[in-house]
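Please open the model in your viewer and keep a selection panel at hand.

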Amino acid sequence: MTLDVESLSHQYGTERALNDVSFGLESGELVALVGPSGCGKTTLVQAIAGHISPTSGRVRLRGEDVTDQPPEARRVGLVFQQSTLYPHMTVGENVAYGLTAGDIDPDEREAIVAEYLDLVDLADQREAYPGELSGGQGRRVELARALAPQPDVLLLDEPLSALDRSLRLGLREEIARIQRETGVTTLFVTHDQEEAMSLADRLVVMNEGSVAAVGQPRELYESPPTPFVASFLGRSTGLTATVVDSDPLRIVIGEHEIPIQDTLQTPPAGTTLRGHLRPQSLSIGSPREGEFGLSGTVRRVRDLGRRYDVTVRTETGTELLVEQHARPPAVDESVTVAVPKSALQLFDQTDDTVGR
Ligand code: ATP
């Protein structure tokens, strides 16, 4: 492992920001650290960079325990949400600044600055001052500065959050390219699940100071291990199910008895379970092979341009969100929601997966 985070906990006074966090980054991986605001992402980054001393736990870089080392002794590159470029220094001087700690001769330093400005496609802005750059160019200078000392790990803490959407999308691709070309092991922090899923080889999902899940984006999206992960990664809509038979597992939803194929647990008959569904796997209309139908009434229709979000209050008393591309039904209309059995994921009261 290039980076190992072992049982990190951190407390600000009585506020517990990190709770026994462990994960590792393999060499060359781009891992996204995602989670809602306040879940501890920045605290974790600061602990890895050495800007805070964790209350307990260890940080290892290339196998070496760096927990007690100061930030400057760690080979970590950092880019934050806000610019940290020196306004009185040129772009070239800013990038060179990251190299002053090493014992590098001036010619070599010049060559490294040129190489990294070239990498971020800003060779022609070398003599410019940060105030003369666009928001996106400024971000790229920060990347060059963080990468020039060839860190063991690059930490990007919400690097695109201050930019507008179109710039963010372009720079996202740019970061992916630069990461591929340099092969630098990268931890990319974001609260934007779409950004995380589109960029990362793996995700570390955090919630309330703890790791909620670690895995490949598609795997976590399709088989979320908890309801939190199901609703944080993409949209999720839920209903209640009751176990009628334990082994093999059969549940009842409304008037429908449904056998569960992939069973991880065999809760006793009568147990109430929570079912999660992706809104895009539901449709309005008669159920087809492999689906069951829940009748209900349309409560809301939101026109989002490319699609409609239709909320249906079903016979079971719960509301389901259905993504629809065709012309939607009207509010108060009676409809049937077709639910593919294979799309249903079941969780017990303690949020453990029961089956799907
Ligand atoms: P955001 O996405 O909003 O930046 P985050 O996931 O990075 O959030 P942190 O900033 O690490 O979360 O905060 C984790 C928790 O620790 C929050 O409850 C926050 O209020 C608290 N916290 C953060 N910094 C401090 C501090 N200096 N003193 C006291 N509490 C703090």
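Which residues of the largest nonpolar core touch the most other members? In this predicted model, select Leu143, Leu203 and Val205, which hold that position among the 44 residues of the core. Staying on Val205 and leaving aside neighbours within four places in sequence, you will find contacts that include Val34, Leu220, Phe228 and Phe232. Apart from this core lies another, of 26 residues, and Leu18, Leu33, Leu44 and Val66 are among them.

Next, select Phe228 and Phe232, both of which lie in helix H8 (residues 227-232), four residues apart and so separated by about one helical turn. Their ring centres are 5.7 Å apart and their planes meet at 15 degrees, so the pair is stacked. Phe232 is buried, with a relative accessible area of 15%.

Tyr86 sits in the loop between strand S6 (76-79) and helix H2 (91-97), whereas Tyr97 belongs to helix H2, 11 residues apart in the chain. Tyr86 counts as partly exposed at 30% relative accessibility, and Tyr97 is likewise partly exposed, at 39%.

Now colour the open sheet in which five antiparallel strands follow the order S15-S19-S16-S17-S18. Strands S15 (283-284) and S18 (319-324) stand at the edges with a single partner strand each, so one side of each is left without a neighbour in the sheet. Is S18, then, enclosed by the rest of the structure or left open? Five of its six residues are buried, so S18 is largely enclosed by the rest of the structure.

Within this sheet, S16 (residues 291-303) pairs with S19 (residues 334-340) over seven bridges in the antiparallel sense, and Leu294 stands opposite Val337 in S19. On the other flank, six bridges join S17 (residues 308-314) to S18, with Tyr308 finding its bridge partner in Gln324 of S18. S17 and S18 form a hairpin with four residues between them, and in the turn Gly317 has a positive phi of about 95 degrees.

For the last two stops, select Arg278, which lies over the face of Tyr221 at 4.1 Å from the ring centre, and then Thr185, which is found in strand S8 (residues 185-190). Thr185 is buried, with a relative accessible area of 3%, and the residues it touches include Thr2, Leu25, Glu26 and Asp152.

How values were computed:
Residues numbered from 1 in each chain as written. Predicted model: local features only at pLDDT ≥ 70, side-chain atom pairs only at ≥ 80, totals over all residues. Heavy atoms only, no water. Pairing = 2+ DSSP bridges. Helix = DSSP H or I, 4+ residues; strand = E, 2+ residues; numbered from the N terminus. Buried < 20%, exposed > 50% of the residue type's maximum accessible area, 1.4 Å probe, protein only. Contact = heavy atoms within 4.5 Å. Core = buried A, V, L, I, M, F, W, Y, C linked by side-chain atoms within 4.5 Å. Phe/Tyr/Trp six-rings, centres within 6.5 Å; stacked < 30°, edge-to-face > 60°. Lys NZ or Arg CZ within 6 Å of the ring centre and 35° of its normal.
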